[in-house]
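Please look through the report below, which takes a reader new to this structure from one pair of residues out to the whole chain.

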Amino acid sequence: MKQFDKILLVWRPGKGESREAVGEIIAHPEGHYTYKYLPHAKELQFTRGFAPYTEFRDFDKTYNSNVVDIFAQRLTQNTRPDISTYYDFWEIDKSQIENKFYLLGKTQGLVSTDNFEFLADYNEVDDIHFITEVSGLSKLKIASDSISVGDKLSYAIEPENEFDNQAVKVFKSDLEIGYIKKYHNSIFHKVGSKLDLEVKAIEKNGIIRRIFVKVCNCSGH
């Protein structure tokens, strides 16, 4: 089984707002890809100001032509001089660097010009490993010296969370530092054993602005 065969197109109105999965890209066994919007995406136009992806404007259509090539325009060019460092950060399997679907899911297709993210729906496989971001930091205002790269973190599943029944709260010892990014948290509910969390990178300016963590089942191997 592959690490993932579905990527969710996720959107939010702005930083600090809650995320909404609005569409899904499916990798089919025959080797082709399809994209379609989720049923509630059309309603989000009126409730949250969502506008469809430029090249995929029909909410009712299943797209099956050039799907990954169009979305892959967001990917970092492999001609950049620092591309090796970039791949190392996202823990890219170098044998997969020509696989645009894989790169899109692993790097999340983040660009500064819009509020879309491409979040892989990870399967329960022997070698789970990916980079994700802790959400909710803007509310907690964690001191910049509280967390360091390489720190081991723990987590607690919150099925009764009123905002997301798949919520996964993250801690360093007894310090609450936020939540696993929505939709990436689903893998924590699929696996039968504990996953490992380690701080990969931090952005800070007086307080911690962003925390990237590596999720894996490393200790089980």
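## A bridge between two strands

The bridge partner of F130 in β10 is V215. In this predicted model, strand β5 (residues 129-135) and strand β10 (residues 207-216) pair in the antiparallel sense over five bridges, where pairing requires that DSSP finds at least two bridges between two strands.

## The barrel

Strands β5 and β10 belong to a closed barrel of six strands, which runs in the order β5-β8-β7-β6-β9-β10 with antiparallel pairing. From one strand to the next the twist averages 40°, with axes fitted as lines to C-alpha atoms and angles running from 0 to 180 degrees between N-to-C directions.

## The whole protein

The protein has six helices and ten strands, which are DSSP runs numbered from the N terminus (helices H or I, at least four residues; strands E, at least two). Its radius of gyration is 17 Å, close to the 17 Å that the globule rule gives for 221 residues, so the protein is as compact as a globular protein of that length; the radius is taken over C-alpha atoms, and the rule is 2.2 Å times the number of residues to the power 0.38.

Of the 221 residues, 47% are buried, meaning under 20% relative accessible area with a 1.4 Å probe, protein chains only. Among contacts (heavy atoms within 4.5 Å) between residues at least 6 apart in sequence, 56% join residues at least 24 apart.

## Basis of the values

Residues are numbered from 1 along each chain as its sequence is written. The model is predicted, and local features need pLDDT of at least 70, side-chain atom pairs count only at pLDDT 80 or more, and totals for chains, interfaces and linings use all residues, while side-chain values use heavy atoms, leaving out hydrogens and water.

Technical notes
Buried means under 20% relative accessible area, exposed over 50%, partly exposed in between (1.4 Å probe, protein chains only).
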